[in-house]
Amino acid sequence: ITGVYFLGWHGFSEQNQTRLTVDNVDVSVIDSWTGLISQLWSNPNNWASGTVPISTTTININSPNQVIVDLPHAHCGKLTIMNGAKLIINPAMGLEVHTSLVNQADEQGILVKSDATGTGQLLHPNTDVKAVFQRYIGGAEWNNGNDGWHFVSSPINGQPIAGSWTPTGVNDNYDFYLWDSDDVLWLNQKDPANGITHFGRGVGYLVAYEQTKTHAFSGTMFV
């Protein structure tokens, strides 16, 4: 049981009446995923302890298990994803890791999903964790210049602006702009002179796409 317990040992001798006391010991649950019922985080019968993790629970997810976070704000203490295992956070759901997050399965070990209902969230305190984040963007009515604009920012360090972010082909147009506060104007990513090749840390971009797409950020997460 998680909590703070006071443990004491008392030893006395006839000569010096010595006493040793150990107290204020923090005890936390170490739990592991079994997946006996389903892949859903919210089902207590999927956990070895028989309870859904809380903010002090230490969790190990072993290979080849796949765990789906299906709560708006799930919690755990330390989370370790072993090589070959996978954590998926469903759209509009979220997980907060309070102590530390270890992902031994590289980018494939964590997937934060996105669709028309919303985008998943992952909060954690430490650096050097890899993941894949999706970002759903609905297609615009391309002949209407006021339709389909979205602000985006990257949770991943060094994410290239390429691939699905810069589509080509018939009826697959896009616009991608960066605000220049010094010159008070929007810089067009399509102009090579502007040098907009990677997402910057903490930088927002204004984008629109003719076709509905689910884009992906992949790599080491910012903290």
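Visitor: Let's start with T80. Leaving aside neighbours within four places in sequence, which residues is T80 in contact with?

Guide: In this predicted model, once you skip the neighbours within four places in sequence, T80 is in contact with I59, N60, I61, V102 and Q104.

Visitor: And where is T80 found, in which strand?

Guide: T80 belongs to strand β6, which covers residues 74–81.

Visitor: Is T80 buried or exposed?

Guide: Here you need a cut-off: buried means under 20% relative accessible area. T80 has 8%, so it counts as buried.

Visitor: How do I read a sheet?

Guide: Start with the general idea: strands of a sheet pair through backbone hydrogen bonds, either parallel or antiparallel. Here, 5 strands make an open sheet with parallel pairing, and the order is β3-β4-β6-β8-β12. At the edges you find β3 (30–32) and β12 (121–123); each has a single partner strand, so one side of each lacks a neighbour in the sheet. On average, neighbouring strands of this sheet are turned by 40° against each other, ignoring direction.

Visitor: How many bridges join β6 to β8?

Guide: There are 7 bridges between β6 and β8 (residues 94–103), and the two strands run parallel. Look at C76 too: V97 in β8 stands opposite.

Visitor: What about the largest nonpolar core: which residues touch the most other members?

Guide: Those are W41, L79, L95 and L122, out of 41 residues in that core. β6 gives the most to this core, with 4 residues. Take L95 next: beyond its neighbours within four places in sequence, its contacts include W41, L79 and L122, as well as A74, H75 and C76.

Technical notes: Residues are numbered from 1 along each chain as its sequence is written. This is a predicted model: local features need pLDDT of at least 70, side-chain atom pairs count only at pLDDT 80 or more; totals for chains, interfaces and linings use all residues. Side-chain values use heavy atoms; hydrogens and water are left out. Buried means under 20% relative accessible area, exposed over 50%, partly exposed in between (1.4 Å probe, protein chains only). Contact means heavy atoms within 4.5 Å. A nonpolar core is a set of buried Ala, Val, Leu, Ile, Met, Phe, Trp, Tyr and Cys residues joined through side-chain atoms within 4.5 Å. Two strands pair if DSSP finds at least two bridges between them. Axes are lines fitted to C-alpha atoms, for helices over the stretch in contact, and angles run from 0 to 180 degrees between N-to-C directions.
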